[in-house]
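Please look over the chain below before reading on.

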Amino acid sequence: MNRLVLLALVGALLLSACTPRGGAASQQAPDPPSSAGESAPQSVAPPSTPQPAPSAAPVFVEDEAFYNDVLLVYGAIWEGEGDNRFLRSDYAGLYYTGPWKGPDQLAYNGGFFQWYLHMMWQEDITDAQRAEKYKSPFGEGTGWFFPEAYFETAVQTYFDIDTETLRKNQMIYDAEHKGYYEGVGGIGERPKVILEDVEKDGDLRRLHILLQSVGGGSAGKKTLTIQLLPGEPGRYYYVGWDDRT
């Protein structure tokens with residue numbers, strides 16, 4: 001009997017040694033802890049790409065270059081080189097016209113045709129292209145013919161005048177061929193164009209000009225008036241041309 005009790009106690013002790021402590025043998029142990037001070041990784045949004053600042057509008061400056069442009073468009077060209085470079089009236093343009101106040105006067109006296117003739121020669125095209133673009137429908141040797149689309153767009157860029165007024169001069173405008181025409185004419189002396197000073201009056205600018213003979217001496221003093229266009233930096237209209245004492 002005592003032997004049986006002893007065997008039972010030994011079996012119980014053996015079973016107890018084979019069972020894991022703290023629960024069933026099938027339970028998995030938890031994952032080992034991370035290293036000291038290490039936290040679980042977190043998703044980080046990539047840094048936003050900086051957007052370029054909007055480009056600033058070009059600053060309009062009333063400088064020598066601006067006023068030279070005013071004189072060039074009116075009918076001047078550059079001549080000479082280096083320190084001897086100067087502005088001189090072109091073979092066509094508006095330096096040859098008499099005084100005018102209001103662009104409608106230029107529509108009636110043919111001034112716009114002479115002005116566009118000057119502008120035509122400033123175009124960056126070949127002579128062959130120019131001859132084809134402005135070919136006269138009246139035959140060879142009859143002068144230049146300016147299609148209304150080219151002529152009116154250019155004039156209305158620099159002069160405040162409507163299309164109806166431009167076309168009223170039937171000596172210049174040809175409705176049948178839809179363009180502007182004037183016979184071949186001559187020119188007078190081509191003086192230097194010298195800007196002496198600029199008088200500012202609100203949005204008006206009066207350019208006091210000396211027309212000087214290339215050989216020396218004065219060919220006349222003039223005032224060319226332009227109007228700066230509000231809200232359109234660098235743009236202007238020609239509004240008058242007058243004698244000056």
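The sections below describe this structure step by step.

## The model and the chain

This is a predicted model, in which local features need pLDDT of at least 70 and side-chain atom pairs count only at pLDDT 80 or more, while totals for chains, interfaces and linings use all residues. Residues are numbered from 1 along each chain as its sequence is written, and side-chain values use heavy atoms, with hydrogens and water left out.

The chain holds seven helices and ten strands, where helices (H or I, at least four residues) and strands (E, at least two) are DSSP runs numbered from the N terminus. Of its 245 residues, 33% count as buried, and buried means under 20% relative accessible area, exposed over 50%, and partly exposed in between (1.4 Å probe, protein chains only).

## Helices α4 and α6

Helix α4 (residues 111–120) packs against helix α6 (residues 148–158) at an angle of about 100°, and their axes lie 11 Å apart; axes are lines fitted to C-alpha atoms, for helices over the stretch in contact, and angles run from 0 to 180 degrees between N-to-C directions. The two helices are therefore roughly perpendicular, a term for angles of 65 to 115 degrees.

In this contact (heavy atoms within 4.5 Å), α4 contributes Phe112, Phe113, Trp115, Tyr116 and Met119, whereas α6 contributes Tyr150, Phe151, Ala154, Val155 and Tyr158. Helix α4 is mostly covered, with nine of its ten residues buried, including Trp115 and His118.

## Gly143

Gly143 sits in the loop between α5 (127–133) and β4 (145–147), and Gly143 is partly exposed, with a relative accessible area of 24%. Although Gly143 and Tyr181 are 38 residues apart in sequence, their C-alpha atoms are 7.7 Å apart in space.

Note on methods:
Parallel < 35°, antiparallel > 145°, perpendicular 65-115°, else oblique.
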